[in-house]
Amino acid sequence: GRLGKLSKKVLLFGDIGIDDIIALIYGYLNDEIEIVGIVTDYGNITRENALRSVQFLREDVLVTNEEAPVLIAGAETPMTAETIVVLPEIHGEFGLGPIIPPQMNEVTLENFFTIVDIIEEYGEELYIVNIGRLTSLATMYLLYPTMMEQIRNIYVMGGAFWVPGNVTAVSEANFHGDPVAAQIVLTSAEQVTIIPLNVTQNAIVTPDMVNYIDQAGTIDIIKPMIDYYYSFYKKRDPSVQGSPLHDVLTLMAVNREEIFTFEEYPVHIVQATRGTERGQSIADIRTFGNLEEETDKEIKSHRIAFDFNYREFFLDFMTTMTGERLYFSMG
């Protein structure tokens, strides 16, 4: 059960894919996190399919006596006004791998502006975790810049700093999918904690871990989903040891900041409409600052995770997903 007041209140923005769903399940099973709302955006799959999956999770999988998180329909398309390309081969048609959720019941989808009510209710106790495109979050900054200043902390899965991207040679999917929105958030927010591919690509869950969770845990959709996800990664790179859970690691940061090593830099997102560099995240590491724009003092520094303790990730993830206290062995 939840620890009531002690759990951290999280408003989750996601484009529902397998790692987003594992993050939702992780948040549901973790006593120290309470997901109070889910803003569902386009991204890995269409917004319509994403809503159907989240409703299925809320009603059939994560059944609880507690108040279910509010379901909010987010953006359908990016701020770049392009048609979205979905990726069923990575996440499945509904973001659940091979699983097809039942048709939606008449779902009460909250109005987008319910986000305002959530911020007003929790104010400085609210954490925002953005594990998809940044379109909906950027919209909030455009409409409610002052209100957004109340939020305790914002964690964003996105970017790749001096490591290869996953959509292009240099760009990570969330920033690449809507570079305009990513830049708006990084320009508007006082300080964002960025959890980039540098760390998330190493948040690997192996088949052995998945099998153990399948035996010990209570949620039976985890294994078929991660198996599907892993087979995609394995085709792409036969040497890969497991699946990277980008979004779980990002949600974990809310409670477990101490397992990361952060550095603070100004960050710029390349706004090209196409090409390799679109959505590239550039951190300015020059010690003397920016000579070109001496007048512009507005460039904010954000906190970027460059390293994390895998052992601690393993223990936290396995303990949360199985409900057992596990000990670590890299056998």
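**View 1. Phe232 and Tyr233, an aromatic pair.** At 17% relative accessibility, Phe232 falls under the 20% limit and so counts as buried. Its sequence neighbour in this predicted model, Tyr233, is buried as well, at 12%. The ring centres of Phe232 and Tyr233 lie 5.4 Å apart. Their planes meet at 80 degrees, so the pair is edge-to-face.

**View 2. Tyr127 and Tyr155, a second aromatic pair.** The structure has 15 aromatic pairs. In the pair of Tyr127 and Tyr155, the ring centres are 6.5 Å apart. The planes stand at 25 degrees, so this pair is stacked. Tyr127 belongs to strand E4, and Tyr155 to strand E5 (residues 153-157). The pair links distant parts of the chain, 28 residues apart. Tyr127 is buried, with a relative accessible area of 7%. Tyr155 is buried too, at 1%.

**View 3. An aromatic cluster.** Six residues are shown here: Phe260, Phe262, Phe308, Tyr310, Phe313 and Phe317. Together they form one aromatic cluster.

View 4. Side chains of opposite charge can pair when their charged atoms come close. The structure holds 11 salt bridges. Arg256 meets Glu258 in one of them, at 2.6 Å from N to O. Arg256 also meets Glu312, at 3.0 Å from N to O. Arg256 sits in the loop between helix H12 (246-252) and strand E9 (260-269), and Glu312 sits in helix H13 (residues 310-322), so this pair ties together parts that are 56 residues apart in sequence. Arg256 is buried, with a relative accessible area of 17%. Glu258 is exposed at 56%. Glu312 is partly exposed at 22%. The network of salt bridges links Arg256, Glu258, Arg311, Glu312 and Asp316.

View 5. Asp227 pairs with Lys223 in a salt bridge. The closest N and O atoms are 2.9 Å apart. Both residues lie in helix H11 (residues 222-236). They are four residues apart, about one turn of the helix. Asp227 is partly exposed, at 31% relative accessibility. Lys223 is partly exposed too, at 24%.

**View 6. Lys300 in its loop.** Lys300 is found between strand E10 (281-283) and strand E11 (301-308). At 14% relative accessibility, this lysine counts as buried. A polar atom of the Lys300 side chain lies 2.7 Å from the backbone oxygen of Thr187. Leaving aside residues up to four places away in sequence, Lys300 touches Leu186, Thr187, Ser188, Ala189 and Glu190 as well as Tyr265, Pro266 and Val267.

**View 7. Helix H4 and its packing.** Helix H4 spans residues 114-122. Its buried residues are Thr114, Ile115, Val116, Ile118, Ile119 and Tyr122. They pack against four strands: E1 (8-15), E2 (33-41), E3 (70-73) and E4 (126-130). They also pack against H5 and helix H6 (145-148). Just after H4, Gly123 takes a positive phi of about 45 degrees.

View 8. Leu143 is placed in helix H5 (residues 135-143). At 47% relative accessibility, Leu143 counts as partly exposed.

Technical notes: Residues numbered from 1 in each chain as written. Predicted model: local features only at pLDDT ≥ 70, side-chain atom pairs only at ≥ 80, totals over all residues. Heavy atoms only, no water. Helix = DSSP H or I, 4+ residues; strand = E, 2+ residues; numbered from the N terminus. Buried < 20%, exposed > 50% of the residue type's maximum accessible area, 1.4 Å probe, protein only. Polar contact = N/O pair within 3.5 Å; in protein donor to acceptor, adjacent residues only side chain to side chain. Contact = heavy atoms within 4.5 Å. Phe/Tyr/Trp six-rings, centres within 6.5 Å; stacked < 30°, edge-to-face > 60°. Salt bridge = Lys/Arg side-chain N within 4 Å of Asp/Glu carboxyl O.
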